[in-house]
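Here is my note for you, point by point. Keep the structure open while you read.

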Amino acid sequence: MSNPFSLQGKIILITGASSGIGRSIAIECSKSGAKIIITGRNPERLSQTFTELHGDNHQQIVADLSVDDGIDALVAQLPILDGIAHVAGILNPMPFNFLNRQELDEIMNVNFYAPALLTNQLIRKKLIAKKASIVFVSSISGVSCSFIGGSAYSASKGAINGLIKGMALDLAAKQIRVNSILPGMIDTGLFEGSAISEQDLMADRKRYPLGRYGKPEEVAYAAIYLLSDATAWMTGSNLLIDGGFTLI
Amino acid sequence: MEKEKFVEEFAAQFEETDANEFSIKTAFRDIEEWSSFTMLLIIAMVNEKYHVKLTGEDIRNAKTIEDIYKNVASKIV
């Protein structure tokens with residue numbers, strides 16, 4: 001009997017694959033038999049991910065998706081896709097009273113406009129196969145909660161939450177599914193060199209009922225689930241993976 | 001970059017502590033109101049006014065407002 005959770009033979013694009021959750025999704029999807037196309041801004045780190053992929057015939061494309069030219073250049077090199085995992089994202093804690101257009105533009109560009117417009121281009125150019133699955137790695141922030149200095153980040157993820165619901169409806173006729181994952185805090189080094197200290201992070205971990213932050217591969221397993229045929233009747237959903245954080 | 005103005009801008013990030021209580025020698029982490037949120041406010045203020053990106057480490061390594069002032073002054077291009 002075939003395994004409904006397998007990604008065997010599927011061609012899957014993963015953005016933000018240079019590090020963290022994106023890298024993990026790329027590696028785990030390659031283990032599940034998919035042909036992976038990874039993209040990211042940093043060539044060295046993208047290559048590092050590339051060398052960690054299992055199997056052959058994968059592809060890496062350096063692209064800056066925060067500008068239209070970067071999106072166009074990527075789209076021009078892509079085959080027809082069976083799945084997309086939108087992982088590229090930035091987080092820059094900024095108290096609301098210091099927000100300005102530039103800060104909002106920067107975060108909305110990477111976290112919202114880039115994945116929305118990239119998918120739009122792929123649909124226009126018929127580069128997303130029927131029955132394909134599109135997965136957005138969103139966040140509990142902006143959907144269930146937020147954090148200090150997180151208004152812009154939460155807004156970008158809240159926007160994704162609305163986007164996937166509308167997209168899921170509009171793309172249903174093509175049998176293309178659109179879902180998101182809402183992770184709590186994942187150990188990815190996202191806060192290294194930021195205002196948040198390791199001490200703060202240790203204290204924050206204790207606020208999770210399951211006693212720790214998530215691991216990147218725990219998000220990757222959810223991505224595999226949503227990208228696989230096991231979820232063929234699932235669209236417009238948010239899959240919560242937060243160690244129980246939003247229960248309390 | 002003026003020391004006096006910097007102290008004023010620093011003090012403006014506090015809600016409950018009187019601005020008159022601040023001087024360049026103030027050990028800011030001893031102020032009762034100090035929190036990780038105040039730290040974010042200071043980092044954002046410095047970024048907005050001086051276009052210098054401080055890290056949490058920069059703040060944690062500083063004791064007085066003057067320490068931060070010197071750090072920012074050294075990074076202004």
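1. B:H51 sits in the loop between α2 (36-50) and α3 (56-60) of chain B. Helices here are DSSP runs of H or I with at least four residues, strands are runs of E with at least two, and both are numbered from the N terminus. The phi of B:H51 is near 55 degrees, a positive value in a residue other than glycine. Most residues other than glycine have a negative phi. B:H51 is exposed, with 11 other C-beta atoms within 10 Å. The cut-offs: buried takes 20 or more other C-beta atoms within 10 Å of the residue's own, exposed 12 or fewer, partly exposed lies in between, and C-beta atoms are placed from the backbone.

2. A word on the model. It is predicted: local features need pLDDT of at least 70, side-chain atom pairs count only at pLDDT 80 or more, and totals for chains, interfaces and linings use all residues. Residues are numbered from 1 along each chain as its sequence is written, while chains are lettered from A and ligands numbered from 1 in the order in which they are written.

3. Where in chain A does A:N57 lie? It is in the loop between α2 (43-51) and β3 (59-62). A:N57 is not a glycine, yet its phi is positive, about 65 degrees. A:N57 counts as exposed, because it has 8 C-beta neighbours inside 10 Å.

4. Chain B has four helices and zero strands. Its radius of gyration is 11 Å, close to the 11 Å that the globule rule gives for 77 residues, so chain B is as compact as a globular protein of that length. That radius is taken over C-alpha atoms, and the rule is 2.2 Å times the number of residues to the power 0.38. The C-alpha trace of chain B spans about 35 × 25 × 20 Å along its principal axes. Of its 77 residues, 23% are buried.

5. Chain A holds seven helices and seven strands. From the N terminus, they run β-α-β-α-β-α-β-α-β-α-β-α-α-β. In chain A, 42% of the 248 residues count as buried.

6. Now the contact between the chains. Twelve residues come from chain A and twelve residues from chain B. Contact means that two C-beta atoms, placed from the backbone, lie within 7 Å. The chain A side has seven nonpolar, four polar and one charged residues. Nonpolar covers Ala, Val, Leu, Ile, Met, Phe, Trp, Tyr, Cys and Pro; charged covers Asp, Glu, Lys and Arg; the others, Gly among them, are polar.
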